[in-house]
Amino acid sequence: MTREIEKAADIPVVQIATIVPIMLTVGTNRIVPGVAIPHPVGDYSNGPEGDRRVRRELLERALKALQTKIDEQTIFEKE
Amino acid sequence: MRVVHYLNQFYAGKGGEDKADWKPEAAPGPVGPGLELKKLFGDQAEVVGTVICGDSHYGENMEAAQAEVIKLIESFRPDVLIAGPAFNAGRYGVACGNVCQGAAEKLGLPAVSGMYNENPGLELYRKYAYIVSTPDSARGMRAALSKMAALALKLGRKEAMASAADEGYFSRGIRKNFFRPVNGAERAVEMALARLRGQPFKTEYEMPVFKRIAPAAPLTDLKTAVIALITSGGVVPRGNPDHIRVSSAETFGAYDISGVTDMKPEDYESIHGGYDRYWAGVDPDVIVPLDVMREMEREGVFGKLHDTFYATTGTGTSVAHAERFGQEIGEKLRKAGVSAAILTST
């Protein structure tokens, strides 16, 4: 789905999900590894504030991925 | 057995690129590579006619060209169609495949072609024809024609076709049920043992091959960017108004989120059948990060969040459906002038 959206719209699409090999297999170009399968962009283990912090960090990384010129499939890990 | 052969302007001896706009025409008997087919067939089949069309003409007028070519093919009252081989010639491969599709759908005619494994015509039309594997250039002509002729004879005689691997054509994506003398468990164990011994083994269920595309250019100005949220995590307005299936989805939903600042559990829910939805029930933002996206939008980190968010369930969903969702969503985003998208998956 990610690949076809990117192709049809000709815009960068970043995918945040947990199983990175699947994203690599299906042809996602900009990959941000998520937290866990049932909550890819959140984590309540450190309470509601911790959850928001995690989400903010992931989205900032996603925005960075969208602004990064890449030539091949790239995984954007936490720095 | 009556065989019709489809050729482009080059192999029909009309000329190269300068003649690529050659309009569809028919010639009696074999032409060019058809002469080799005639030899291979001997008295088992006859190449009764050749239909010729320029590759550019075909590519630029596919519908009209197909209609005309099919009419010419039909005039020979054939039992089998042979198209090409096209090797790695893209336009020719697409034309051959499209002719085969037309012959199958409009005339119920079985068709054989030959292509290099990267010819774009292969992916597009492999369902409609028995396409044999060829090298990337006409160096492989003789071997390709020999394989194609053998399949054509089989089809013309309406003999049972064995599997793609056994017959030497590219899989058409068709699975046939049949009984094996040894049960699945035993076969699986044998396969595992062969693998452990480093011996060759053959899978009975090939995984689909996924495609790659060149990465899109990055955003140059985040401050003015319109960003869309998409999910395959099954988060939809409570009550699932579009009845998206909980697994093996065949549709996606588009939902207006203008003015919505948070995915509240009273308004949104996950209907996904492939993961534990406990946390989605506590706060759907852990799957569709609307609250923080709104926060960043307010802060001016990026320009604007797109007013529509798209959702489906990605579990058991076929690759073909997922690709179609992507194409349709991508088209909508393009028309709406969206500059980038964040897709979350579970």
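In β13(B), I227(B) has A340(B) as its bridge partner. The model is predicted: local features need pLDDT of at least 70, side-chain atom pairs count only at pLDDT 80 or more, and totals for chains, interfaces and linings use all residues. Side-chain values use heavy atoms, without hydrogens and water.

β7(B) and strand β13 (residues 340-344) of chain B pair in the parallel sense over 5 bridges; strands (E, at least two residues) and helices (H or I, at least four) are DSSP runs numbered from the N terminus, and pairing requires at least two DSSP bridges between two strands. With strand β11 (residues 304-305) of chain B, β7(B) pairs in the parallel sense over 2 bridges, and I227(B) has L305(B) as its partner there. Strand β7 (residues 226-231) of chain B has 5 of its 6 residues buried, so the strand is largely enclosed by the rest of the structure. Buried means under 20% relative accessible area, exposed over 50%, and partly exposed in between (1.4 Å probe, protein chains only).

Over all chains there are 31 salt bridges, each a side-chain nitrogen of Lys or Arg within 4 Å of a carboxyl oxygen of Asp or Glu. One of them links R52(A) and E295(B), with the closest N and O atoms 2.8 Å apart. R52(A) lies in helix α3 (residues 47-66) of chain A and E295(B) in helix α10 (residues 290-298) of chain B, so the pair joins two chains. R52(A) is partly exposed at 33%, whereas E295(B) is buried at 17%. A network of salt bridges includes R52(A), E295(B) and D283(B).

Terms used:
Residues numbered from 1 in each chain as written. Chains lettered and ligands numbered in written order.
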